[in-house]
Amino acid sequence: MSAMCFVMKCGGSTLAALPNSFFDDMKRLQDEAIIPVIVHGGGPAISDTLGKLGIETEFVNGLRKTNEAVLDVVEMVLAGRINKEIVRKIQLSGAKALGLSGVDGHLIQAEPVAHADEVGLVGDVTGVNADLIQGMVKMGYIPVIAPVGLGADGSQRYNINADTAAGAVASHMGVERMIVVTDVPGIMKPVGGARVVLPSVTVSEIDKMIASGEIYGGMIPKVRAAIQCIQGKVREVIIVNGTEPEVLSRVIKGAEIGTRIVK
Ligand SMILES: Nc1ncnc2c1ncn2[C@@H]1O[C@H](COP(=O)(O)OP(=O)(O)O)[C@@H](O)[C@H]1O
Ligand SMILES: CC(=O)N[C@@H](CCC(=O)OP(=O)(O)O)C(=O)O
């Protein structure tokens, strides 16, 4: 039985809140040979550790200003503690997982972002070792990837926004679907006095919502990554809240849940 893959981004905003049932759901999917390729964040945990170490941190347009000292902490927290915590939780559900960062096997190749003079060692993705990911999936393992990239010279590391990294992995693997798991039930918009979740949005609607300020902060890299990957083979990106019961299997079965970003 050949596996069906989708890419799943798990945001740092929600990792600690994900219930055991989220991982049990993943195990049931794995039993049906439906394998998520996980790219995770961990922004709040990085900020917390930087604070404890007395290292100042600042975001410019949603990207963390990164120097070598910050990069050490980013790698330690993302590729170390957070990555291993996710692997442990998946394994406790009975499913198989392998954790690695973009450095391992040159999994995520990167170059400095265009405005590196403002943000420092932050990377854009130039390539993904999709064969390595497919190899893990064929062996029945759920790949769990921390978004630290490696430059062309093989020595320089780059801090990559996890939404950007997940979108690039989805594009390079040519999967049909990316699921973005976060702490809100989707993209919300004020209607009347209330904020409602939009069942689906198009690229032009997103552009308008960014311009009007209805999409802001951490939602911006998500929708930008979504727009970039749906230009290629990815058919849809779905933004969901990870604490909703059986959210993954419901999305995979086509349930109307969260916000779908479509072409
Ligand atoms: N239109 C919107 N609908 C829902 N959330 C939004 C919207 N615009 C901005 N956000 C913000 O985006 C946040 C999710 O992004 P972020 O905190 O970076 O999460 P993650 O760690 O999962 O990447 C939400 O908690 C919310 O504050
Ligand atoms: C360049 C940049 O900003 N990198 C992010 C990487 C982690 C991340 O993106 O985590 P979330 O998904 O939880 O936001 C950072 O340093 O916080």
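Visitor: How does the shell around ligand 2 divide by class?

Guide: By class, seven of its residues are nonpolar, nine are polar and one is charged. Keep in mind that this is a predicted model.

Visitor: How many residues surround ligand 2, and which are the closest?

Guide: The shell holds 17 residues. Gly12, Gly41, Gly43, Arg64 and Ala162 are the closest. Two elements, α2 (43-52) and β4 (63-64), each give two or more residues to this shell.

Visitor: Now the record. Where does UniProt place the feature "binding site"?

Guide: An unreviewed UniProt entry puts it at Gly42, Gly43, Arg64 and Asn159. These residues are spread over 118 residues of sequence, yet they cluster in space. Their largest C-alpha distance is 11.9 Å.

Visitor: In which loop does Gly42 lie?

Guide: Look between β2 (34-40) and α2. Gly42 sits in that loop.

Visitor: What about ligand 1? Which residues come nearest to it?

Guide: Gly11, Ser13, Thr182, Gly218 and Met219 do, out of 17 residues around ligand 1. By class, that shell has six nonpolar, nine polar and two charged residues.

Visitor: On to helix pairs. At what angle do the axes of α2 and α3 cross?

Guide: To read a pair, take the angle between the axes, then the handedness, then the residues that touch. Here the axes of α2 and α3 (residues 68-92) cross at roughly 125° and come within 9 Å.

Visitor: Why are α2 and α3 called oblique to each other?

Guide: Angles from 65 to 115 degrees count as roughly perpendicular, and those over 145 as roughly antiparallel. The crossing is at roughly 125°, so α2 and α3 are oblique to each other. Their crossing is right-handed.

Visitor: Which residues make the contact of α2 with α3?

Guide: From α2 come Ala45, Ile46, Thr49 and Leu50. From α3 come Val70, Val73, Val74, Val77, Leu78 and Ile82. By class, nine are nonpolar, one is polar and none is charged.

Visitor: Which residues of α6 and α8 meet?

Guide: Asp163, Thr164, Ala166, Gly167, Ala170 and Ser171 belong to α6. They meet Pro221, Lys222, Ala225, Ala226, Gln228 and Cys229 of α8. The contact of α6 with α8 has six nonpolar, four polar and two charged residues.

Technical notes
Residues are numbered from 1 along each chain as its sequence is written. Chains are lettered from A and ligands numbered from 1 in the order in which they are written. This is a predicted model: local features need pLDDT of at least 70, side-chain atom pairs count only at pLDDT 80 or more; totals for chains, interfaces and linings use all residues. A residue is near a molecule or strand if its C-beta atom, placed from the backbone, lies within 6 Å of it. Helices (H or I, at least four residues) and strands (E, at least two) are DSSP runs, numbered from the N terminus. Ala, Val, Leu, Ile, Met, Phe, Trp, Tyr, Cys and Pro count as nonpolar, Asp, Glu, Lys and Arg as charged, and the others, Gly among them, as polar. Axes are lines fitted to C-alpha atoms, for helices over the stretch in contact, and angles run from 0 to 180 degrees between N-to-C directions. Angles under 35 degrees count as roughly parallel, over 145 as roughly antiparallel, 65 to 115 as roughly perpendicular and the rest as oblique. A crossing is left-handed if the near helix is turned anticlockwise from the far one by less than a right angle, and right-handed if clockwise. Two residues are in contact if their C-beta atoms, placed from the backbone, lie within 7 Å. UniProt positions are given in the numbering used here, feature names are shortened, and annotations may be inferred rather than shown by experiment.
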